Amino acid sequence: MQKKLAVAILNWNGKNWLEKFLPNVVEFSQNADIYVIDNLSTDDSIEFLNIHFPSVKIIKNHKNYGFAGGYNEGLKEIKNECYCLLNSDVEVTDNWIEPVMEILEKNSDISAVQPKILSYTHKNYFEFAGAGGGLIDNLGYPYCRGRVFDDLEEDKGQYDDETEIFWASGCCFFIRSKDFWEQNGFDERFFAHQEEIDLCWRLINSGKKIFYTGKSKVYHVGGGTLNKQSAQKTYLNIRNNLSMMLKNLPFPRLIWVIFFRLCLDGIAGIYFGLKHGFPHLWAVVRAHFGFYGQLPGTLKLRQKHQKNQFYQSKWLIFKHFLGGK
């Protein structure tokens, strides 16, 4: 009998992560169907699953579609009422599902929810990808309660609440399947990085809400596919962030924000080049040309309505790097 929730884990050559964290998912997810969506792995992930986890359902994609496309393709075969998109490098805990599902069951206008996301390696600190719930500033810079740029807070119970947020982290992303498909899922052009922020922004523009609950917690390793210092990660984050703003920002704010961000990216590129080497500077240049290349398609994806008040903080980059906050 099909359960209300499907936990869907995207895998690409991640047998080591499955071996480490899937037993925990199976143990603490008795009220959910568990799927592994495989992006045409070349390791022995599938054989490992067949031998050691026969109860886990496997969906085989025909190629590596990336994070965004991989989930879009795999979720077509999952008919449960709600999805939990879970990274393979996440350790879940007892009772991690129930508080989230309670929010979704009681509030029909809430589309997506994330739990508290802590670091697997430093378990008393928040983790980069999501922390205590995702927010955004007036220039489109994503940040989190518990994480501003690279600075992470220690978890002292300050985010044990349940509250509305702007975006839920893709590393542990609960969403109603109906709402996911009404927005046509993730933007596959993003491949990976910030596709969940874009989806949440589209949901908010359509009148839905995104929530966080500190009653559920998971531990995330992070950097399982692209490490923190990857030039490709720099490229994807900058290109996707610009395309996301073009899709979701209202006019006339869109014009000056995009222009300002392009200028700030140039400064960031020089900084990245000095700190991490030329490939990171070149990644910023490539990201801008990638954004320009996507312009026609991005403009076609703009919704009819964009909410004017979308941000929770102003001038975050200046307050943080110049003001030391």
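Analyst: Asp198 is found in helix H6, where a helix is a DSSP run of H or I with at least four residues, a strand is a run of E with at least two, and both are numbered from the N terminus. This is a predicted model, in which local features need pLDDT of at least 70 and side-chain atom pairs count only at pLDDT 80 or more, while totals for chains, interfaces and linings use all residues. Residues are numbered from 1 along each chain as its sequence is written, and side-chain values use heavy atoms, with hydrogens and water left out.

User: What makes Ser243 buried, and which residues does Ser243 touch?

Analyst: Ser243 has its place in helix H7, which covers residues 231-248, and because its relative accessibility is 0%, Ser243 counts as buried. Residues up to four places away in sequence are not counted, and Ser243 then touches Phe190, Phe291, Gln294 and Thr298. Between Ser243 and Glu162, which are 81 residues apart in sequence, the distance in space is 30 Å from C-alpha to C-alpha.

User: Why is Tyr235 called buried, and how far is Tyr235 from Ala283?

Analyst: Tyr235, which is also found in helix H7, has a relative accessible area of 12%, and Tyr235 is therefore buried. The C-alpha atoms of Tyr235 and Ala283 are separated by 4.8 Å, although the two residues are 48 apart along the chain. Apart from neighbours within four places in sequence, Tyr235 is in contact with Ala283, Arg286, Ala287 and Gly290.

User: How do you know whether H7 is roughly parallel or antiparallel to H8?

Analyst: H7 and H8 pack at an angle of about 170 degrees, with their axes 10 Å apart, where axes are lines fitted to C-alpha atoms, for helices over the stretch in contact, and angles run from 0 to 180 degrees between N-to-C directions. That angle is why H7 is described as roughly antiparallel to H8, given that angles over 145 degrees count as roughly antiparallel, under 35 as roughly parallel, 65 to 115 as roughly perpendicular and the rest as oblique. Thr234, Ile238, Asn241, Leu242, Met245 and Leu246 are the residues of H7 that make the contact, together with Leu254, Val257, Ile258, Arg261, Leu262, Asp265 and Phe272 of H8. These residues divide into 9 nonpolar, 2 polar and 2 charged, where Ala, Val, Leu, Ile, Met, Phe, Trp, Tyr, Cys and Pro are nonpolar, Asp, Glu, Lys and Arg are charged, and the others, including Gly, are polar.

User: What makes H1 roughly parallel to H2?

Analyst: The axes of helix H1, residues 15-27, and helix H2, residues 45-52, come within 9 Å and cross at roughly 25 degrees, and H1 is therefore roughly parallel to H2. Lys15, Leu18, Glu19 and Leu22 in H1 meet Ser45, Phe48 and Leu49 in H2, and the residues of this contact comprise 4 nonpolar, 1 polar and 2 charged.

User: How do you know that the radius of gyration agrees with a compact globule?

Analyst: With 325 residues, a compact globule would have a radius of gyration near 20 Å, and the chain has 19 Å, which agrees; the radius is taken over C-alpha atoms, and the globule rule is 2.2 Å times the number of residues to the power 0.38. The chain has 10 helices and 13 strands, and buried residues make up 56% of its 325 residues.

Conventions:
Contact means heavy atoms within 4.5 Å. Buried means under 20% relative accessible area, exposed over 50%, partly exposed in between (1.4 Å probe, protein chains only).
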